[in-house]
Amino acid sequence: MNSSPTEATRRFAEIVERSATFLLSGHVNIDGDSLGSMLGMYHFLRQRGKQVRALCFEPLAERYAFLGGDGIVEVFDPAVHSDFARGADVFMMFDFSGTGRMPGLWDVVRGGRALKVCVDHHPAESLPGDLNLHVASAPATGKIVLDLIRALGGEVDRRIAEALLVAIATDTGWFRYNNTTAQVLRDAADLLGFGLDAAFIYREIYQRNEVPLIRLMGRVAASIKEELDGRFLWATIPRSLVEELGVGPFETDELLDLMRSSHAAECVALLRELTDGGVRLNLRSRGKLDVSALARRIGGGGHLHAGGATLDGPLGAAAARVVAMVKEALQPIMSAGLAGPRRTRG
Ligand SMILES: [Mn+2]
């Protein structure tokens with residue numbers, strides 16, 4: 001937060017008290033945390049009788065349809081939303097601080113009268129808000145929102161609980177990543193207590209694969225390259241393969257998880273050729289290598305353990321650049337004996 005967390009929370013409470021209209025925004029390619037934290041705040045503000053609109057930048061994925069966000073979250077359209085954006089009392093952004101990740105919207109908001117509030121947990125060198133509710137230690141932006149609602153004496157109801165559980169569960173990899181603390185599980189237990197069905201939510205979000213995508217994962221897995229004795233694994237997803245197999249829109253988290261399941265891999269990289277000829281890079285690390293720092297060097301960002309960036313094509317050249325960069329960063333860590341295959345116990 002900009003000052004102390006309690007001071008920032010107090011300022012937010014004042015802002016909610018005196019403001020009537022709120023515009024909320026997720027980031028482009030919205031994920032479970034950005035959407036869940038935004039919807040949690042939406043329902044809380046509506047409880048308080050505020051006028052609220054929530055925006056994203058593409059139709060919501062089917063995996064999040066059960067959250068009921070479809071009738072609430074609107075796809076940003078300058079012709080429809082610019083007047084509201086310019087006239088709103090408060091603008092809030094969830095789970096990101098880079099103003100480039102809300103195409104077209106920041107230019108409208110910046111020129112308007114709204115007080116800007118950034119709610120985020122990603123490491124950032126500078127924050128764009130007039131108030132920044134920034135908690136880098138939070139496991140998810142949804143956790144920041146949960147604490148705000150609690151601090152402001154809001155009533156968590158089933159819809160808020162479901163939205164915030166999705167935010168926290170997705171950002172912790174369904175409670176498997178190392179941001180899963182005892183407090184995370186206590187919060188999740190509280191939220192589940194509102195009558196949520198964890199197995200149903202898991203199925204809705206994670207078990208929606210079409211067979212062509214499973215085939216794609218097989219083909220990509222078969223093509224994985226090993227560097228530095230398997231400490232670094234990487235693979236590419238050419239557009240031609242996606243077309244050949246007839247794969248619809250998809251996310252790459254499962255493939256990254258599969259690659260990261262290797263016992264020796266300290267870092268994995270997946271490069272996906274986009275329809276516009278660009279290349280989306282996703283990096284994952286076990287923690288010795290800060291992949292968000294690497295991603296920032298090439299115009300991206302992320303966390304210590306997960307980073308991403310969009311590069312210029314062609315795919316082969318982008319891959320060569322990334323492989324060279326990761327090897328150069330990983331080599332000294334390995335030579336220092338800090339990373340290596342974990343020994344079998346006994
Ligand atoms: Mn997040």
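The largest cavity has a volume of about 30 Å³, a cavity being a set of points, on a 1 Å grid over the protein atoms alone, where a 1.4 Å probe fits but cannot get out, and a volume being the space filled by probe spheres set on the points. This is a predicted model, in which local features need pLDDT of at least 70 and side-chain atom pairs count only at pLDDT 80 or more, while totals for chains, interfaces and linings use all residues. Residues are numbered from 1 along each chain as its sequence is written, and side-chain values use heavy atoms, without hydrogens and water.

Q: Which element gives the largest share of the lining of the largest cavity?
A: The lining, meaning residues with an atom within 4 Å of a point, consists of Leu39, His43, Leu67, Arg159, Glu162 and Ala163. Two or more of these residues come from each of α2 (32-47) and α6 (158-171), helices being DSSP runs of H or I with at least four residues. The largest share, 3 residues, comes from α6.

Q: Which residue in β12 stands opposite glycine 302?
A: Strand β12 (residues 306-311) pairs with β11 in the antiparallel sense over 2 bridges. The residue of β12 opposite glycine 302 is glycine 307.

How values were computed
Two strands pair if DSSP finds at least two bridges between them. On a 1 Å grid over the protein atoms alone, a cavity is a set of points where a 1.4 Å probe fits but cannot get out, and a pocket is an open set with protein on both sides within 12 Å along at least five of seven lines; lining residues have an atom within 4 Å of a point.
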